Amino acid sequence: CPGDEIAIGLSGSADDQFVDRVSLRCGRVSIARSRSFNWQLTVTPTGSTTPRGAAGIGETFTATCATGSVIMALDGRESTRVNRLGASCQRLQLSLR
């Protein structure tokens, strides 16, 4: 994702054995005061990175973190090609000190 954005999901295509194509879904984090004068973080989806991989011959998939959450880790498995890809999401929390 661009420097002022953060990953909030994955999209791409995969068949029953391999991930063919993948891109990150990106979002912009902002902070604002709510009507009750509490600080609130929001994540606004902005788009996706350029897909990487093959032409995308498998079925398409989209996995997006819950509202207010971002990708904290990616995991997967590969041999000659990527055959598993996943993301761990975590809710953003604001700590004022």
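The model I am reading is predicted. Leu-94 sits in the segment after strand 7 (82-91).

Next I turned to salt bridges, and the count is two. In one, the side chains of Arg-28 and Asp-4 meet at 3.2 Å, N to O. This pair links distant parts of the chain, since Arg-28 is in strand 2 (residues 19-33) and Asp-4 in the segment before strand 1 (6-14), 24 residues apart. Glu-5 and Arg-28 also meet through their side chains, at 2.9 Å, N to O. Glu-5 belongs to the segment before strand 1 and lies 23 residues from Arg-28 in strand 2. I noted that shared partners join Asp-4, Glu-5 and Arg-28 into one network.

Arg-28 has a relative accessible area of 37%, so I list Arg-28 as partly exposed.

Last, I looked at the largest pocket, which holds about 150 Å³ of space. Which strand gives the most to its lining? Strand 3 (residues 39-48) does, with four residues. The lining residues include Gln-40, Val-43, Thr-67 and Arg-91. By class I recorded three nonpolar, four polar and one charged residues in the lining.

Key. Residues are numbered from 1 along each chain as its sequence is written. This is a predicted model: local features need pLDDT of at least 70, side-chain atom pairs count only at pLDDT 80 or more; totals for chains, interfaces and linings use all residues. Side-chain values use heavy atoms; hydrogens and water are left out. Helices (H or I, at least four residues) and strands (E, at least two) are DSSP runs, numbered from the N terminus. On a 1 Å grid over the protein atoms alone, a cavity is a set of points where a 1.4 Å probe fits but cannot get out, and a pocket is an open set with protein on both sides within 12 Å along at least five of seven lines; lining residues have an atom within 4 Å of a point. Grid points are joined across faces, edges and corners, and a volume is the space filled by probe spheres set on the points. Ala, Val, Leu, Ile, Met, Phe, Trp, Tyr, Cys and Pro count as nonpolar, Asp, Glu, Lys and Arg as charged, and the others, Gly among them, as polar. A salt bridge is a side-chain nitrogen of Lys or Arg within 4 Å of a carboxyl oxygen of Asp or Glu. Buried means under 20% relative accessible area, exposed over 50%, partly exposed in between (1.4 Å probe, protein chains only).
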